[in-house]
Amino acid sequence: MDFKYFFKYTLDGRTTKITNKENEDFSFEMRDNVHSLKLILQPKQPLQILEFYVQMDYTFHEGSRFFANGFQSWTDTKEFTRNETEAGLNTVGKSFFGKMYGMKYVGDYTFIHSDRKKGQFHSNGFAYVRNGNTYDLFGSLNDRTGYTLIYADMHANTVRFAKDLDGITIREPYEILNMFIFGGEYDEVFDAYFDEMGIKPLTDEKIKGYTSWYNYYQDISEEIILRDLNALAAEKEYVNTYQVDDGYETKVGDWFPVDDKKFPHGMKPIADAIHEKGFKAGIWLAPFGVQNGSKIYKEHKDWLVKDEKGKPVPVGHNWGGFYALDIYHPAARQHIKDVFHEVLDVWGFDMVKLDFLYAASVIPMHGKTRGEIAYDSIDFLRECVGDKPILACGVQQMPCFGKVEYMRIGPDMALWWEHRFLRRNMHREDVSTPNAIHNSIYRRCLNGRAFLCDPDVFLLRRDNIEFTFEQQKALAKFIKLFGGVLFMSDDISKYNEEQLTVFKDVLSDDDSKIINVIEDNNKVFIDYEQGGQPHVLAFDITTGTIY
């Protein structure tokens, strides 16, 4: 393979751009074969990298599709044609409001190069080009050294491999790129990729059950949780997990004592009640999140991720704005450990859904790249949680490969189908049913290889929702086919016989499997088998029209 190099760095106050593999300051040791490209930077003097990439020629055909993997769980992810444009940080995200709440840190907006032109796309960690039923996969084998970004220009016929190396000075030999390049059919290329990484999932047990979020959001209480639990217990043969989501805490970051108006007896009796019904008890946490106005924010600003001026960095608009704990600060680190001890060992919960995990690594710091911090943060969570299952959410995928049992691989679904105007003008990580569907389709390669995928919930209730029942049945079947996490958020005591039949179908163990997925102009056709019989699930992803 022939590659073109671009390298920009600073040394002793001077900036140098070079397209060669060697000069008086550095050399590259290149190791490549038919399926891999590995580059080791050999610095002759300490170098601060400003930009690096290698580029190869690649012939994109009229019918070629480029798969662009989004930055984190919620980032929209799909295949693109040469006539499409990739989304970015939009009007609200760029506004004063967006800047005040740090919306640019929710995605990769601070370190990617994007002109948002037709046919130009970027992908995080891994990507592929599909030509008919043949896939050319480009996958990073190591993002701990820094995020790998794969750029495609479908009109200039180039593919570029870049690295986010902000924040570090390289003094010793450094693995600057490690790529796996492989062609074949869909399962063939992804099996080969994960075999090359030596990654295997931690479990094959699906989560089946309930989460409180998609009905009540933060408006939960002991009464609601126990009422829905008692209703679900009537169908306990289909369920193994009952999860309490956001809303029990006084503020995000202040995890205990809990809100005693909502949960006057605390959370241990809730976990005990869930166990009495024969279910595993799950609970939601944002372990790195610190809400503006929380006690932690007021009393321990020194624990927070801060910019070069020492000012806490806002990392999102949720809960009226929030910040992130610095996982390298000893007191902050101990605080996080204490939270998990309380939740797992004192309250007695069996599984944790850990959300907004991207927040720990929004900027390079402590001489580490964003990628290294992301990997360190997941390793730290694994240490805190031990062998209890983690459902990771709002997080980059590669640091979680083989490290968490379950992962949300799309944004929150809305309680309606179409992606509305205001939502489209936030950022790529906002609530969206079409984006959740796209992400589940195009990240299905991770399900059973890196972890079990959580495609988000199926909802069958007819109150507090804007889907038609036909749309709900289609989404329920979709979740069953694409998910290793099968959650709903309904009070099933209100189900009629038809709703209960769909509920049982989704959660039943059977031989359902996807045979083929075809998407054309947002119309998706999913060929699958169930009970040995062929079926087709077909709908318009953008409008919710069922075929």
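Strand β25 gives the most to the lining of the largest pocket, with eight residues, where helices (H or I, at least four residues) and strands (E, at least two) are DSSP runs numbered from the N terminus. The model is a predicted one, in which local features need pLDDT of at least 70 and side-chain atom pairs count only at pLDDT 80 or more, whereas totals for chains, interfaces and linings use all residues. Residues are numbered from 1 along each chain as its sequence is written, and side-chain values use heavy atoms, with hydrogens and water left out.

The largest pocket has a volume of about 980 Å³ and is lined by 38 residues, of which Y186, D187, R444, I514 and I515 lie nearest its centre. Two or more lining residues come from each of β9 (126-131), α3 (186-197), α11 (433-442), α12 (469-482) and β25 (513-520). The lining comprises 15 nonpolar, eight polar and 15 charged residues, with Ala, Val, Leu, Ile, Met, Phe, Trp, Tyr, Cys and Pro taken as nonpolar, Asp, Glu, Lys and Arg as charged, and the others, Gly among them, as polar. On a 1 Å grid over the protein atoms alone, a pocket is an open set of points with protein on both sides within 12 Å along at least five of seven lines, a cavity is a set where a 1.4 Å probe fits but cannot get out, and lining residues have an atom within 4 Å of a point. Grid points are joined across faces, edges and corners, and a volume is the space filled by probe spheres set on the points.

By this rule there are four cavities of 30 Å³ or more, and the largest cavity has a volume of about 80 Å³. Its lining divides into four nonpolar, six polar and one charged residue, and includes N69, D143 and Q396.

The structure holds zero disulfides, a disulfide being a pair of cysteine sulfur atoms within 2.5 Å. The sulfur of C393 is 10 Å from the closest cysteine sulfur, in C400, and is therefore too far for a bond.
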